[in-house]
Amino acid sequence: MTTEAPAQKQEFQAEVSQLLDIVINSLYTDKEIFIRELVSNASDASEKLRHLQLTEKDVFQSDAELTITIEADKEAKTLTFVDRGLGMTREELQENLGTIAHSGSKAFAKALKESEESKESALIGQFGVGFYSAFMVADKVEVHTRSWRPDAEGLVWSSDGKTGYEIAPAEGDLDRGSRIVLHLREEEEEFADDFRIKNILKNYSSFVSFPIHVGEEHVNTVEAIWRKQKSDISDEQYEEFYKFIGKAFDAPRYRMHFSADAPLEINALLYVPTENTELFGMGQMEAGVSLYCKNVLIDDKPEGLLPEWLRFLRGVIDSADIPLNISRESMQDSSLVRKLNRVVTKRFLKFLDGEAKNDTEKYGEFYSKFSRFLKEGIVVDYEHREGLAKLLRVESSMVEDGQTTSFAEYLDRAKDGQEKIYYLTGPDRAAIESGPYLEAFQSRGLEVLFFTDPMDEYLLQNLNEFDGKGFVSAASSEVELDDESAPEAEGEALAEEKQTSLCDFLKNAYGDAVEKVFVGKRLVSSPVAVLSADDGMTPQMRQMMKAMNPEESLPAAKVELEINPRHAIIHQLSAAQESNPELAQLVSAQLLDQALLSAGLLEDRTALLKRGYDLMEAALGKTEG
Ligand code: ADP
């Protein structure tokens, strides 16, 4: 109509082209999902408009009823989606329908980069590609739209999904909202059929909180499933709702549906997804629990509604006590929201605790994917630390390889009078078991927990106790093991004066590298072990700090060396002190380096390796001679 603003041809962002190429060419079987995607967009646009009505005074055609209409035209071979939502301006069209700016497609594009071609079509099924899915069935799509802003212009965006898109001024006046016209490809004409559309929308449409019309027919009754009785909801409905609210394509792993009247009136329906997409390297998940007040959406991504470490949850929290017109800004410091946060979080932790007990295997699968969130919670969220600690599972010296234990189970097994929870950290179970620290605990029947996730270091810095019992590293010099339950010692101990003399000799040889050399009762089959005398800084923590800050040199680790007076090497070393002082020096140095190595504290291996050869030479020389 206007000549001064002609149609502009514009190119898609490279990622969009790539995505469209796959959408169009893949043999994706579940094409009908585009209907849900477009209805979901229409519903979002309507929700946003409803919210704007509360916060803005000038909304174009403010009184228009928020409905969603789908029109199928068999003859024209078109399918049209009409909503009276917030519409789009030119800038918004470019940003939303020309780039990949939104979550679903962003995740998809990212996964695409990391995948092999053969898996591309499977990926679409996992993420959904939002608006762009229209091109699965259409060879041309038009978006006629007018924004809610009073001075906005009517626009038509159009594209064949290949060569870019055009934005032109609309002919005549447009109503507020969007009208999306799909020109169906020949082989997809079957979609231009009311009956087919109604069938596809059957379960889904009942969650959309606006009337949906297919042709002349009103097809849905709006249901707030979270406000219904559990017994009135089928598993299928629960799953459908998860897909609707979470824009998800998988099935939920867990769901928690609860209502409360005090201290707040709450209806909540929360889901744990199957996958933790953060493990795919897709960056932080976005919070996905929407806040409603008596069925009306207040905010679909409210900050502070739940703790950040619960960002993997999807679902709805509805509270009649939240004022409808609460703003995003005031939400965060609203004491009501904080209360809501606390009640729901506690409830969810209790829920997980119950699930963990009811079905260990299922919980184990959840844990293997989502434990990082629980650990993050322990580190950052003091208030829920205790509840979260109950949910942790770790390997231990008393459970089989591959199995885990809770801290509560650990304490149940602990002997009377055991005041501490012993643990070791390391890269994996085998590494911990091959170290020298475990044997003293095992022979005394004391259980040791194995922490093997790199994040456990941070965890242990923040997890001081469980049920009143402190956590102590089994490699720490703090640990005092009693003599009574010491194992039946095998072999004869080195005579007392020889012990003293050997300790002096060793301390002398090591100088400042070792704080103290002493005879102890902790070792069974190892000759020596290094004990960490640093407060709270485990060897793994040191390594991490060094990796993060390679330039900065950490002060040397403070260590003590315990020797095992019954071990053959110790006997022989004691003898060599006199008979072959040179060899004794060599062996002493090697003993310390090997002990440091197994504690993860050896900084430089070159000396250890070189000395190994020297020792071989010495040993072989003896047989030769
Ligand atoms: P998503 O819905 O995951 O954000 P889409 O590709 O479906 O991704 O849509 C991209 C963006 O385009 C939306 O975030 C929204 O801003 C805008 N949009 C899509 N459909 C509509 C519509 N019917 N009305 C207004 N805006 C829309």
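Author: Between domain 2 and domain 3 the centres, taken over C-alpha atoms, are 34 Å apart, where the domain bounds come from an automatic or database domain assignment. This is a predicted model, in which local features need pLDDT of at least 70 and side-chain atom pairs count only at pLDDT 80 or more, while totals for chains, interfaces and linings use all residues. Residues are numbered from 1 along each chain as its sequence is written, and side-chain values use heavy atoms, with hydrogens and water left out.

Reader: Which residues does the assignment give to each domain?

Author: Domain 1 covers 8-218, domain 2 covers 225-362, domain 3 covers 394-474 and domain 4 covers 496-624.

Reader: How should I read a sheet, and what is the strand order in the open sheet of 5 strands?

Author: Strands of a sheet pair through backbone hydrogen bonds, either parallel or antiparallel. Here two strands pair if DSSP finds at least two bridges between them, and helices (H or I, at least four residues) and strands (E, at least two) are DSSP runs numbered from the N terminus. The open sheet has the order β15-β17-β16-β19-β18, with mixed pairing. Its edge strands, each pairing on one side only, are β15 (395-396) and β18 (465-466). Strand β18 runs antiparallel to β19 (residues 469-473), to which 2 bridges join it, and phenylalanine 466 stands opposite lysine 469 in β19.

Reader: Is methionine 455 buried or exposed?

Author: Buried means under 20% relative accessible area, exposed over 50%, and partly exposed in between (1.4 Å probe, protein chains only). Methionine 455 has 18% relative accessibility and therefore counts as buried. Its place is in the loop between β17 (448-451) and α15 (456-462). Leaving aside residues up to four places away in sequence, methionine 455 touches Arg372, Lys375 and Glu376, a contact being heavy atoms within 4.5 Å.

Reader: How many aromatic pairs does the structure hold, and why is the pair of phenylalanine 366 and phenylalanine 370 called stacked?

Author: Rings of Phe, Tyr and Trp (its six-membered ring) pair if their centres lie within 6.5 Å; planes under 30 degrees apart count as stacked, over 60 as edge-to-face and the rest as tilted. The structure holds 29 such pairs. Among them, phenylalanine 241 and tyrosine 271 form a tilted pair, at 6.4 Å centre to centre with 45 degrees between the planes. This pair links distant parts of the chain, since phenylalanine 241 belongs to helix α7 (residues 235-245) and tyrosine 271 to strand β11 (residues 266-272), 30 residues apart. The rings of phenylalanine 366 and phenylalanine 370 have centres 5.3 Å apart and planes at 10 degrees, so that pair is stacked.
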